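Let's take a walk through this structure together. Have a look at the fold below, and then we will go through it piece by piece.

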Amino acid sequence: MNNLIENDVLNEYNNLVKNDNLLPIKVSEFYMKKVVDEVNHIGVGGPLYKSVIPTKEKIGVKTSVETRDYVEEDKHLPIEGVDYIIQKYSDRVLVIITDICFAHCQYCFRTYNLSKFQQSNLKETIKNKVDTLKEYLKNKEEVREIILSGGDPLSIGYDNLCYVLENLKHWNIRIHTRGIVYNPEIFDDKTIKLLAKYKVRLVFHINHSYEICEEVEDTINKINDSKVKMYAQFPLLRGINDNAIVLKKLLEKMDELNIRPLSIFIPDPISYSASFRLSYNRIINIMNEINWNTPSWINSVRFVMDTTIGKVRRENIIKWEGNCITFSRNNKEVKYYDLDEGIDQPTDIKKLLWKD
């Protein structure tokens, strides 16, 4: 690690982990090999590097309005004293089944909450979580889908996954995972067979086409052969994929692999995220380039932002005054504060696509 990050940055980041609830550096061995290869070619600060290694900009770049938890998931906890069941929509429930990830993404929007979960009742056993969820859903006939999130749900291990899927088989199950790029070996034959048995919908978080190497591609093809439905959603991140050409390349690759992209997320205005965010005007320009200059099998992807009132899009904007953009959904309003002027500098395409 010492060869990848300056000592002063590492020390400052570790202090923030200790004192300001940031997640510690954690990179899977599989992904680290890609990071090292990237550093050997272009030095530090490339798209894969920025995904998992803290930079001086992440620590130091601030904008005038930031918050610890923009989505305010705590407002959507339907069971008193239970912090792992979240319901924002009437027809589906999200379960933080674990706080463990295969690696820690530097742009993670749930950083603060995951840090808190480490001292909370999220440490209850998988059985207790499932029993609590089933009891809550007894009289909730409108709930048709359960979303397993985290942390990474696939980090709970095969036996726990068997237990969860068997007990929740009466609902549609969706699993959100970044394990496909961090630890593709978790998708062994028996796990893929299990996912197929319970007709799980897999939603991959893949941010860049360079994350889809030959091994990842072979694994995705095996999943596809089993008829498991695959989807994708990912954030729009400065320094990682903030260019329409980069996005188009990724979306084309997903199409080749029968992965259906659902959403590209606008990053939350949370603390220590300013180095990853784009100005809203540049976001609109990228949206337009994707939506107007690509075929429909690419431009069908949605650009959205998650908020405490639900997902919103640019057509939900009702007011834009200076840095404050107001969105409205279902007669509820939420304010989004844009980056201060001068922070957003587009990333050089040669850096984003250094292999090409």
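Angles between axes that fall under 35 degrees count as roughly parallel. Keep that cut-off in mind as you look at this model, which is a predicted one. Two packed helices are described by the angle between their axes and the distance between the axes. Find helix α7 (residues 158-167) and helix α9 (residues 189-197): their axes come within 11 Å and cross at roughly 10 degrees. The two helices, α7 and α9, are therefore roughly parallel to each other. On the α7 side, Tyr158, Leu161, Cys162 and Leu165 make the contact, and α9 contributes Lys190, Thr191, Leu194 and Leu195. Sorted by class, the residues of this contact are six nonpolar, one polar and one charged.

Now turn to the sheet. Nine strands form an open sheet with mixed pairing, in the order β1-β2-β3-β4-β5-β6-β7-β8-β9. At its edges lie β1 (85-89) and β9 (310-312), each of which pairs on one side only. On average, neighbouring strands in this sheet are turned by 30 degrees against each other, direction ignored. At the β9 end, strand β8 (residues 302-307) runs antiparallel to β9, and three bridges join them.

Finally, look inside. The model has four cavities of 30 Å³ or more, and the largest cavity holds about 120 Å³ of space. Its lining comprises 15 residues, of which Cys108, Thr111, Ile270, Ser271 and Tyr272 are the closest to the centre. By class, that lining is made up of eight nonpolar, five polar and two charged residues.

How values were computed:
Residues are numbered from 1 along each chain as its sequence is written. This is a predicted model: local features need pLDDT of at least 70, side-chain atom pairs count only at pLDDT 80 or more; totals for chains, interfaces and linings use all residues. Side-chain values use heavy atoms; hydrogens and water are left out. Axes are lines fitted to C-alpha atoms, for helices over the stretch in contact, and angles run from 0 to 180 degrees between N-to-C directions. Helices (H or I, at least four residues) and strands (E, at least two) are DSSP runs, numbered from the N terminus. Angles under 35 degrees count as roughly parallel, over 145 as roughly antiparallel, 65 to 115 as roughly perpendicular and the rest as oblique. Contact means heavy atoms within 4.5 Å. Ala, Val, Leu, Ile, Met, Phe, Trp, Tyr, Cys and Pro count as nonpolar, Asp, Glu, Lys and Arg as charged, and the others, Gly among them, as polar. On a 1 Å grid over the protein atoms alone, a cavity is a set of points where a 1.4 Å probe fits but cannot get out, and a pocket is an open set with protein on both sides within 12 Å along at least five of seven lines; lining residues have an atom within 4 Å of a point. Grid points are joined across faces, edges and corners, and a volume is the space filled by probe spheres set on the points. Two strands pair if DSSP finds at least two bridges between them.
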